[in-house]
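Please look over the sequence and the structure before starting.

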Amino acid sequence: MRLVDTDDEAAFRATLRQWLRDNLPAGVPHSWDTEQRRAWSRRLHTAGYAGITWPREHGGRGLSPSYQAVYAEESALAGAPDHVNVIGIGMVGPTLIRLGSPEQQQAFLPRILSGEVIFSQGFSEPDAGSDLASVRTLARRHPDGWVLDGEKVWSSYAHLADYCLLLARTDEAPTRHRGLTCFLLDMRAPGVQVRPLRQMSGDTDFNQILLDSVVVPADAVLGEVGAGWRVAMTTLAHERGTFGITLTSRLAAELGRLVETVRAVGASDCPIVRREIAQLHIEVQALRYTGYRALTALERTGTPGPESSVLKLRWSLANQRLATLAVRVLDGRPGTDDWYGYWRRQLLRSRTNTIEGGTSEILRGIVAERVLGLPRSH
């Protein structure tokens, strides 16, 4: 495992850091609305910071995941937002590059990079949760292609999305992993209804997608009919690629903000606060090196290892503890209205961390079975 930049990576980091200084607005806001993120995404695309690891022939820079990790670290430190099409660039695009037809690649990849087309993901369902093999949404043959009926839930950014990478059952045979097919669903097709799920924080990142006799063309199938499990696993593998580095980098930046807040309100001498911050610092460092191990495995094999599941599980709990401490430190202290609002929102938003991107229960099962070799629970 390499812990320092190569000469080329160091040059990339220095150029990126200067670009962020030149292009981020003065007084970087605590939160960015959708239009601000769209504008920021256009700048990233123009500057070549969208699709860093994508092949050059598909509009990327053809760099290794270590450069994407550098980007994640520097953008977190600078307070920059994610690309508005984070699912398209990080998950759908790489899947299209690997399994999509030339026509699908030509139709979607340039517009994913530019942020012109936003993707969501339709894998989870009300009675299946993160168990993709239990998907019940049905796709039936139709003279014009397929007809979709069913329901998806927890679909991030579906209320903004133009398309959804959706998993449906095309064969009702009892085999769990077979008979599934992935579709590129036009979210504006008749019969598609999106209901945002408002969170405690007021955000509506997650959504319910209702499908009522939605007709999709035959060329909307991604991969082979009946081979949707392979497509879904490819998509999720890319989600976990440099995902851990991104999470850890943002957590480290949040810890830095917490330390600033503690100092600003005069709580830095409190032994209880100092101990909890020290524990969080240790946790962040452990997650950082776990992220580097995952990155090393990804660079060697092209496939993320189980470290990414451990990392996501521990990150979600640490992020909740960090926000809880921040609110507790600020509570009742005068002159802290601005930061109190920020940290209060972070605390409420962090409650979803143990649900999104794989619930903690599912991740514990993965660690138990694939890392520790324990038998599957029933």
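Each exercise below sets a task and then works through a solution.

This is a predicted model, in which local features need pLDDT of at least 70, side-chain atom pairs count only at pLDDT 80 or more, and totals for chains, interfaces and linings use all residues. Residues are numbered from 1 along each chain as its sequence is written, and side-chain values use heavy atoms, with hydrogens and water left out.

**Exercise 1. Determine whether the length of helix α2 agrees with its number of residues.**

Step 1. Helices (H or I, at least four residues) and strands (E, at least two) are DSSP runs, numbered from the N terminus. The expected span of a helix is 1.5 Å times one less than its number of residues.

Step 2. Helix α2 covers residues 34-47, and its 14 residues should span 20 Å at 1.5 Å a residue. The C-alpha atoms at its ends lie 20 Å apart, in agreement with that value.

**Exercise 2. Describe the surroundings of R13.**

Step 1. R13 belongs to helix α1 and counts as buried, at 14% relative accessibility.

Step 2. Leaving aside neighbours within four places in sequence, R13 is in contact with D5, V70, E73 and E74. The side chains of R13 and E74 are joined by a polar contact of 2.8 Å. A polar contact is a pair of N or O atoms within 3.5 Å; within protein, one must be able to donate a hydrogen and the other to accept it, and residues adjacent in sequence count only if both atoms are side-chain atoms.

**Exercise 3. Explain why β4 is described as largely enclosed, and identify its partner strands.**

Step 1. Strand β4 spans residues 163-169. Seven of the seven residues of β4 are buried, so the strand is largely enclosed by the rest of the structure.

Step 2. Both faces of β4 are covered, with Y163, L165, L167 and R169 buried on one side and C164, L166 and A168 buried on the other.

Step 3. Two strands pair if DSSP finds at least two bridges between them. Strand β1 (residues 119-122) pairs with β4 in the parallel sense over four bridges; C164 in β4 is the bridge partner of S120. With strand β5 (residues 180-186), β4 pairs in the antiparallel sense over seven bridges, and R169 stands opposite L180 in β5.

**Exercise 4. How many disulfides are there?**

Step 1. A disulfide is a pair of cysteine sulfur atoms within 2.5 Å. By this rule, the count is zero.

Step 2. C164 is in no disulfide, as the nearest cysteine sulfur, that of C182, is 9.5 Å away. C164 is buried, at 0% relative accessibility, whereas C270 is partly exposed, at 29%.

Note on methods:
Buried < 20%, exposed > 50% of the residue type's maximum accessible area, 1.4 Å probe, protein only. Contact = heavy atoms within 4.5 Å.
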